[in-house]
Amino acid sequence: MKTFHFKTQQTLNQPLTEVFEFFSDAHNLAAITPPWLRFEVLTPAPIEMSLGTLIDYRLKLRGIPIRWQSEITEWNPPHAFMDEQRRGPYRLWRHIHTFDETANGVIIGDSVEYAVWGNSLVNKFFVRPDIEKIFAYRAEQLGEIFS
């Protein structure tokens with residue numbers, strides 16, 4: 001299985017505890033996901049985030065309804081956590097979130113390893129552009145939320 005990688009980072013001028021608290025509430029994910037995905041968290045609040053937590057979502061990808069389930073496979077508050085797709089649109093989705101406090105604010109890092117159904121052309125023309133748009137929207141929303 002061929003895997004691909006996507007990395008991005010953003011600095012927020014807020015305390016580490018505040019930024020991590022936002023990310024550790026799975027229901028906040030809807031606020032930073034583009035509206036065109038019609039993203040919805042199905043797991044009822046509050047979700048107790050810890051190692052092994054399962055979270056269910058529903059979204060529409062290119063008009064196709066999709067169920068997604070992720071599992072928290074690493075939990076190191078307030079510095080990092082990892083979620084992995086257990087059911088969803090990818091062959092593999094492993095997303096590492098990091099939070100590094102600096103003199104200029106908190107650097108949020110996202111590192112995603114993923115694999116798609118199909119080949120590299122499917123990734124190049126469909127999947128990768130969508131991932132880039134999703135994370136660009138997310139950065140824009142985070143900038144507004146934490147301004």
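**Reading the labels**

Trainee: What makes Arg62 count as exposed?
Mentor: Bear in mind that this is a predicted model. Arg62 has a relative accessibility of 53%, and exposed means over 50%, so Arg62 counts as exposed. Arg62 is placed in the loop between E3 and E4.

Trainee: What is the phi of Arg62?
Mentor: It is positive, about 55 degrees, although Arg62 is not a glycine. Most residues other than glycine have a negative phi.

Trainee: Why is Arg38 called exposed?
Mentor: The relative accessible area of Arg38 is 58%. The cut-off is over 50%, so Arg38 is exposed. Arg38 also has a positive phi, of about 50 degrees, without being a glycine. It sits in the loop between H1 and E2.

Trainee: Which peptide bond is cis at Pro46?
Mentor: The bond that joins Ala45 and Pro46, where omega is about -5 degrees. Pro46 lies in the loop between strand E2 (40-41) and strand E3 (54-61). The bond from Pro77 to Pro78 is cis too, with omega near -5 degrees, and Pro78 is in the loop between E4 and E5. Most peptide bonds are trans.

Trainee: How many aromatic pairs does the structure hold?
Mentor: It holds 16. One of them is formed by Phe20 and Phe81.

Trainee: Why is the pair of Phe20 and Phe81 called edge-to-face?
Mentor: The ring centres of Phe20 and Phe81 are 6.1 Å apart, and rings pair if their centres lie within 6.5 Å. Their planes stand at 85 degrees, and planes over 60 degrees apart count as edge-to-face, so that is the name for this pair.

Trainee: Where in the chain are the two partners?
Mentor: Phe20 is in helix H1 (residues 16-23) and Phe81 in strand E5 (residues 80-87). They are 61 residues apart, and the pair links distant parts of the chain.

Trainee: Are Phe20 and Phe81 buried or exposed?
Mentor: Buried means under 20% relative accessible area. Phe20 is at 6%, so it counts as buried. Phe81 is at 4%, so it counts as buried as well.

Trainee: What makes the pair of Trp68 and Trp93 edge-to-face?
Mentor: The planes of Trp68 and Trp93 are at 85 degrees and their ring centres are 5.6 Å apart, so the pair is edge-to-face. It links distant parts of the chain, with Trp68 in strand E4 (residues 64-76) and Trp93 in strand E6 (residues 92-102), 25 residues apart. Both Trp68 and Trp93 are buried.

Trainee: Which residues form one aromatic cluster?
Mentor: Phe20, Phe22, Phe23, Trp75, Phe81, Phe99 and Phe146.

Trainee: How many helices and strands does the protein have?
Mentor: It has two helices and seven strands. From the N terminus the order is β-α-β-β-β-β-β-β-α.

Trainee: How do you know that the protein is as compact as a globular protein of its length?
Mentor: Its radius of gyration is 15 Å, and the globule rule gives 15 Å for 147 residues, so the protein is as compact as a globular protein of that length. The C-alpha trace spans about 45 × 30 × 30 Å along its principal axes. Of the 147 residues, 41% count as buried.

Conventions. Residues numbered from 1 in each chain as written. Predicted model: local features only at pLDDT ≥ 70, side-chain atom pairs only at ≥ 80, totals over all residues. Heavy atoms only, no water. Phe/Tyr/Trp six-rings, centres within 6.5 Å; stacked < 30°, edge-to-face > 60°. Helix = DSSP H or I, 4+ residues; strand = E, 2+ residues; numbered from the N terminus. Buried < 20%, exposed > 50% of the residue type's maximum accessible area, 1.4 Å probe, protein only. Rg over C-alpha atoms; globule rule 2.2 N^0.38 Å.
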